[in-house]
Amino acid sequence: AGRDVILEIEIQGAMQVKAKRPDAVSVFIKAPSFEELEKRLRGRGDTAEEKIVGRLETARREYQIIPQYDYLLISETGKPELAADQLLSIIRAARCRTSQQENVTE
C-alpha cells in the first residue's frame, strides 16, 4: 500500500521476512561494543545474572549473522536521536531504490 513498516524482531523472524519479501530492508541495531552491551544490560538493574549471561551469549551468536543484513546501525550511548536519524536515512534510501520506482525506464 506504499507504506513503510518497521518490525522489531529476532534474527529468525528477520530471515523469514527476508525469505518471503526479498525487497525488505533489514537493519541490525547493536551497541558500539560488546562491553557496552554488557554495561547496558547490567545497568538496568532489573535482570537476573543468568539472564544477562544468556543475553550476552545470544548476542555473540547473533553478531556472526550481521553480514546477512542490509544495514548495520550502531546505537551510541546517550544519542537516541542519532540512531533515529540514521534509521530515517536508511528508510529514505530504500525508497529511492530503482525497484521502488514506477517510471525507472521512462
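Mentor: Here's a walk through the aromatic rings, then the charges over them, then the salt bridges.

Some ground rules: this is a predicted model, where local features need pLDDT of at least 70 and side-chain atom pairs count only at pLDDT 80 or more, while totals for chains, interfaces and linings use all residues. Residues are numbered from 1 along each chain as its sequence is written, and side-chain values use heavy atoms, with hydrogens and water left out.

Rings of Phe, Tyr and Trp (its six-membered ring) pair if their centres lie within 6.5 Å; planes under 30 degrees apart are stacked, over 60 edge-to-face, and the rest tilted. That gives three aromatic pairs. In one of them, Phe-28 and Tyr-63 sit edge-to-face, 6.1 Å centre to centre with 80° between the planes. Phe-28 belongs to strand β1 (residues 27-30) and Tyr-63 to helix α3 (residues 49-63), so this contact ties together parts 35 residues apart in sequence. Helices (H or I, at least four residues) and strands (E, at least two) are DSSP runs here, numbered from the N terminus.

Tyr-63 also pairs edge-to-face with Phe-34, at 6.1 Å centre to centre and 90° between the planes. This pair links distant parts of the chain too: Phe-34 is in helix α2 (residues 34-43), 29 residues from Tyr-63 in helix α3.

As for burial (under 20% relative accessible area is buried, over 50% exposed, in between partly exposed; 1.4 Å probe, protein chains only), Phe-28 is buried at 7%. Phe-34 and Tyr-63 are buried as well.

Now the charges. One counts as over a ring if NZ of Lys or CZ of Arg is within 6 Å of the ring centre and within 35 degrees of the ring normal. The charged end of Lys-30 sits over Tyr-63, 5.0 Å from the ring centre, and Arg-60 lies over the face of Phe-34, at 4.0 Å from that ring's centre.

Arg-40 and Glu-36 meet in one, at 3.2 Å from N to O. They're four residues apart in helix α2, so about one helical turn separates them. Arg-40 is partly exposed at 26% relative accessibility, whereas Glu-36 is buried at 13%.

Notes. A salt bridge is a side-chain nitrogen of Lys or Arg within 4 Å of a carboxyl oxygen of Asp or Glu.
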